[in-house]
Amino acid sequence: MQRPFYHYLMTERDPHKADDITLFANAVYLDDSFPKQSEDYHEISHYLELNGSYLEEMTTFDKAWEIYLDKDR
């Protein structure tokens, strides 16, 4: 069974790095409404499109999603 995307993303948090995925992870950590138990690309993507004002480009989410899939294979 795959762990939720949020759990993977929290491994990317770092207060000293400023790459896109790290900034995304840091912002998601502060988002109390983020679907923390989801493993579904479409659910998370839809949520971010409506509520992810902290995400400058959806391509950052797509890159993080690919890493998430690769790590849990």
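**Entry 1: the term I need**

I take a salt bridge to be a side-chain nitrogen of Lys or Arg within 4 Å of a carboxyl oxygen of Asp or Glu. I keep in mind that this is a predicted model. With that cut-off in hand, I looked up Lys 71 and found a salt bridge to Glu 12, with 4.0 Å between the closest N and O atoms. Lys 71 sits in helix H4 (residues 58-71), while Glu 12 is in the loop between helix H1 (5-10) and helix H2 (20-29), so the pair ties together parts that are 59 residues apart in sequence.

I then asked myself: is Glu 12 buried or exposed? Glu 12 is buried, at a relative accessible area of 16%, and the cut-off for buried is under 20%.

How many salt bridges does the structure hold? I found 3 salt bridges.

One of them joins Asp 20 and Lys 63, where the closest N and O atoms are 3.9 Å apart. Asp 20 belongs to helix H2 and Lys 63 to helix H4, so here the tie is between parts 43 residues apart in sequence. I noted Asp 20 as partly exposed, at 43% relative accessibility. Lys 63 is partly exposed too, at 42%.

Lys 17 and Asp 19 form another salt bridge, and I read 3.8 Å between their closest N and O atoms. Lys 17 has a relative accessible area of 41%, which makes it partly exposed. Asp 19 comes out as partly exposed as well, at 33%.

For the charges as a set, I have 7 positive and 16 negative side chains in the chain, and the centres of the two sets are 7 Å apart. As a reminder to myself, side chains of opposite charge can pair when their charged atoms come close.

Thr 22 is buried, and its relative accessible area is 0%. Which residues does Thr 22 contact, leaving aside neighbours within four places in sequence? I listed Glu 12, Arg 13, Asp 14 and Lys 17. Two of these names were already in my notes: Glu 12 from the bridge with Lys 71, and Lys 17 from the bridge with Asp 19.

Tyr 6 was my other stop, and its place is in helix H1. Tyr 6 is buried, at a relative accessible area of 11%. Not counting residues up to four places away in sequence, Tyr 6 touches Val 28, Tyr 29, Phe 34 and Lys 36. I also checked the C-alpha distance from Tyr 6 to Lys 36: it is 5.2 Å, although the two are 30 residues apart in sequence.

**Entry 2: stepping back to the whole chain**

I counted 4 helices and 0 strands, and the pattern along the sequence reads α-α-α-α. The C-alpha trace spans about 30 × 25 × 20 Å along its principal axes. For 73 residues, I would expect a compact globule to have a radius of gyration near 11 Å, and the chain agrees with its 11 Å.

What share of the residues counts as buried? It is 38% of the 73 residues. The accessible surface comes to about 4700 Å², and carbon and sulfur atoms hold 49% of that. Last, I looked at contacts with a separation of 6 or more: residues 24 or more positions apart account for 51% of them.

Conventions: Residues numbered from 1 in each chain as written. Predicted model: local features only at pLDDT ≥ 70, side-chain atom pairs only at ≥ 80, totals over all residues. Heavy atoms only, no water. Helix = DSSP H or I, 4+ residues; strand = E, 2+ residues; numbered from the N terminus. Rg over C-alpha atoms; globule rule 2.2 N^0.38 Å. Buried < 20%, exposed > 50% of the residue type's maximum accessible area, 1.4 Å probe, protein only. Contact = heavy atoms within 4.5 Å. Areas by Shrake-Rupley, 256 points an atom, 1.4 Å probe, with all protein chains shown as cover. Lys, Arg positive; Asp, Glu negative; His and termini not counted. Charge placed at Lys NZ, Arg CZ, Asp CG, Glu CD.
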